[in-house]
Amino acid sequence: MGIPAEKLDRLREKAREIRRHIITMVGAAGSGHPGGSLSAADIVTALYFEVMRIDPRRPGWPERDRFVLSKGHAAPVLYAALAERGYFPVASLPSLRQTGSPLQGHPDMRKVPGVEMSTGSLGQGLSAANGMALAGKLDGRDYRVFVMLGDGEIQEGQVWEAAMAAAHYKLDNVIAFLDHNGLQIDGPVTEIMSPEPVADKWRAFGWDVQEIDGHDMAAILAAVARAGEVQGKPSIIVARTIKGKGCSFMEHQVGWHGSAPKPEQVEQALRELAGGSF
Amino acid sequence: MSKKIATREAYGAALVELGRLNPNVVVLDADLAKSTKTADFSKEFPQRFFDVGIAEQNMIGTAAGLAAAGKVPFASSFAVFATGRVYDQIRNSVAYPRLNVKIAATHAGVTVGEDGASHQMVEDIALMRVLPNMTVIVPADAVETRAAVLAAAEMDGPVYIRLGRSGVPVLHDENNFRFEPGRAVTLREGNDVAVIACGIMAAAALEAAEKLAGEGVSVRVLDVHTIKPLDVQAVVEAAKITGAVVTAEEHSIIGGLGGAVAEALAEHHPVPVRRVGVLDTFGESGKPDELLEKYGLTPADITLAVHEVLKRK
């Protein structure tokens, strides 16, 4: 594809840094959602450090690209990316979920600069993203709206209302990611309420669909570039990911959806992430 | 009384007027544009109108996104769908982030008529009132409706406007009427009892007051168009002056205007209160006027309530 190795290395290193932040802040909070934050880390890194047209000094810049974290419980990955990108101090990350902290358990657009929509109740982010995209078309602005969904989240009916609408309104300025890590709280998604075949479903709803390895930085960037060329329809990038990716004892585990690592587990995870073991 | 205009008709016209004044106003509907009258706006501003089809949750979420991007969205459907069906969407995508979304719901109450209980929403004031950051307006007539729509567009934050299907008497002179959000309107002075009403029951209260005057009962009538924030001062003053209060709404007696007034008076100035409204039941199919009779929403019901509450003074 021709992405310089130096760029890929830089992004991979940034993703590792973001994973360290996720582990540290959830550990400090004593609660939170590490599994689904870690699975999304590479995509979110790519967006905030390469893809998106943003300016941390002007969070309200009308021409900016937007990112809606529809799977709002992955707030740690969003906060880590925003802090690293300069929207607020990295030093405040360990205040996640503490009383009085702006870093709420689920993203609050009124409290944290850079958060484009308050989310947490699943299934609502794509609708909001559509609204932002419609505003962009009305105003003749060419910003793009990126949105990330979970594969358990797409069990919510509103997601499909929004999917239908995005295609109907030809919102080619909407680029969605499905963090397809295969797991939800009560078990694997295929056992609880299977959304498969996901790619076929989105195609049937009129979306351009790509399927990638969600931990392959080059593939992520290539898919975004390709999505950017799609005209007249919204795009979704179905990313096969590993829940808990980057932390050996969390990977593929249902139980790490919403549990915090204990101090000794934090230590072990940080050691793994320092070593670049993946 | 004067001519009758449905508040939803006034809404449709007001939206067009607003659309001309404010290029950021956009309108959403969910396949009910001909009934909610958002169709009026759609004819003049098709680019700014989004009929999302029978997908109300998506409508609210899309409105939230439009508001986040600087638009002033008015989202409409029947009250039952625009509040109950989308409750979590309003709560989490609109009220919690305090986004500038205006929900204008028509066909509230039993006067929906023949469609029956599934479409007759008598719990919506309660649902919206309990949400933080939500302003709740129940206009009594076409004049208040137009004013409320224009005012809502100027307010910063979520607003719920409750409108009806049938024609209602015009109570105010539009050249003379000043709409102040959060301020009750004294429609009639009186000292023996205060009837505090909203929506279609304001006209019913005036009719009851006329009749009671003939019996020598002096009735003060308050039109409380803003249920939230409630004009507590006006309510308490009315209670202080009269010593007895009747509330009246085309809504359940639980949690609506009656609930709000009872809460305020219990804390500030307890007096005997009687709530006129739907008695914790669902509606049914029928002619609107017959349903108002059957469900206790007539001037005669207000009169009975006044007699009852006067005994407890």
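# A tour of chains A and B

Select Ile103(B) first: in this predicted model, Ile103(B) stands opposite Tyr160(B), a residue of strand 7 of chain B. Show strand 5 of chain B, residues 102–106, together with strand 7; the two run parallel and are joined by 4 bridges.

**Past the end of strand 5**

Select His107(B), in the loop between strand 5 and helix 7 of chain B. His107(B) has a positive phi of about 60 degrees although it is not a glycine. Most residues other than glycine have a negative phi. Is His107(B) buried or exposed? His107(B) counts as buried because it has 27 C-beta neighbours inside 10 Å, where 20 or more are required.

**The two domains of chain B**

Colour chain B by its domain assignment: domain 1 covers 4–169 and domain 2 covers 185–311. The centres of these two domains of chain B are 25 Å apart, taken over C-alpha atoms. Where they meet, 28 residues of domain 1 are in contact with 30 residues of domain 2. To see the domain 1 side of this contact, select helix 7 (124–129), strand 6 (135–137), helix 8 (142–154) and strand 8 (167–169) of chain B, each of which supplies at least two residues. By class, that side of domain 1 has 15 nonpolar, 8 polar and 5 charged residues.

**The nonpolar core**

Select Val195(B), Ile196(B), Ala205(B) and Val245(B), the residues with the most contacts inside the largest nonpolar core, which has 198 residues. Helix 9 of chain B, residues 201–214, gives this core its largest share, 9 residues. Both domain 1 and domain 2 of chain B contribute at least three residues each to this core. Centre the view on Val195(B) and show what it touches: leaving out residues up to four places away in sequence, its contacts include Ala205(B), Ala208(B), Val219(B), Val246(B) and Ile302(B).

Then go to Lys228(B) and Pro229(B), which are joined by a cis peptide bond with omega about 0 degrees. Pro229(B) is in the loop between strand 12 (226–228) and helix 10 (232–242) of chain B. Most peptide bonds are trans.

**Across to chain A**

Show both chains and select the contact between them, where 24 residues of chain B meet 22 residues of chain A. Helix 4 (56–68) and helix 6 (87–95) of chain B each supply at least two residues of the chain B side. Helix 4 gives the most to that side, with 9 residues. The chain B residues here divide into 10 nonpolar, 10 polar and 4 charged.

Chain A has 10 helices and 5 strands. Its radius of gyration, 17 Å, is close to the 19 Å that the globule rule gives for 278 residues, so chain A is as compact as a globular protein of that length. The C-alpha atoms of chain A fill a box of roughly 50 × 45 × 40 Å along the principal axes. Buried residues make up 53% of the chain.

**Stops in chain A**

Select Ala41(A) in helix 3, residues 41–51 of chain A. Ala41(A) is buried, with 28 other C-beta atoms within 10 Å. Beyond four places in sequence, Ala41(A) touches several residues, among them Ala15(A), Ile22(A), Val77(A) and Lys245(A).

Move to Ile185(A), in the loop between strand 3 (174–180) and helix 7 (189–193) of chain A. Ile185(A) is partly exposed, with 14 other C-beta atoms within 10 Å. Leaving out residues up to four places away in sequence, Ile185(A) touches His257(A) and Gly258(A).

Next, find the cis peptide bond from Glu196(A) to Pro197(A), with omega near 0 degrees. Pro197(A) lies in the loop between helix 7 and helix 8 (198–204) of chain A.

Finish at His252(A), in the loop between strand 5 (235–240) and helix 10 (263–274) of chain A. His252(A) is not a glycine, yet has a positive phi of about 65 degrees. With 14 C-beta neighbours inside 10 Å, His252(A) counts as partly exposed.

Technical notes:
Residues are numbered from 1 along each chain as its sequence is written. Chains are lettered from A and ligands numbered from 1 in the order in which they are written. This is a predicted model: local features need pLDDT of at least 70, side-chain atom pairs count only at pLDDT 80 or more; totals for chains, interfaces and linings use all residues. Domain bounds come from an automatic or database domain assignment. Two residues are in contact if their C-beta atoms, placed from the backbone, lie within 7 Å. Ala, Val, Leu, Ile, Met, Phe, Trp, Tyr, Cys and Pro count as nonpolar, Asp, Glu, Lys and Arg as charged, and the others, Gly among them, as polar. The radius of gyration is taken over C-alpha atoms; the globule rule is 2.2 Å times the number of residues to the power 0.38. A residue is buried if 20 or more other C-beta atoms lie within 10 Å of its own, exposed if 12 or fewer, and partly exposed in between; C-beta atoms are placed from the backbone. A nonpolar core is a set of buried Ala, Val, Leu, Ile, Met, Phe, Trp, Tyr and Cys residues joined through C-beta atoms within 7 Å. Two strands pair if DSSP finds at least two bridges between them.
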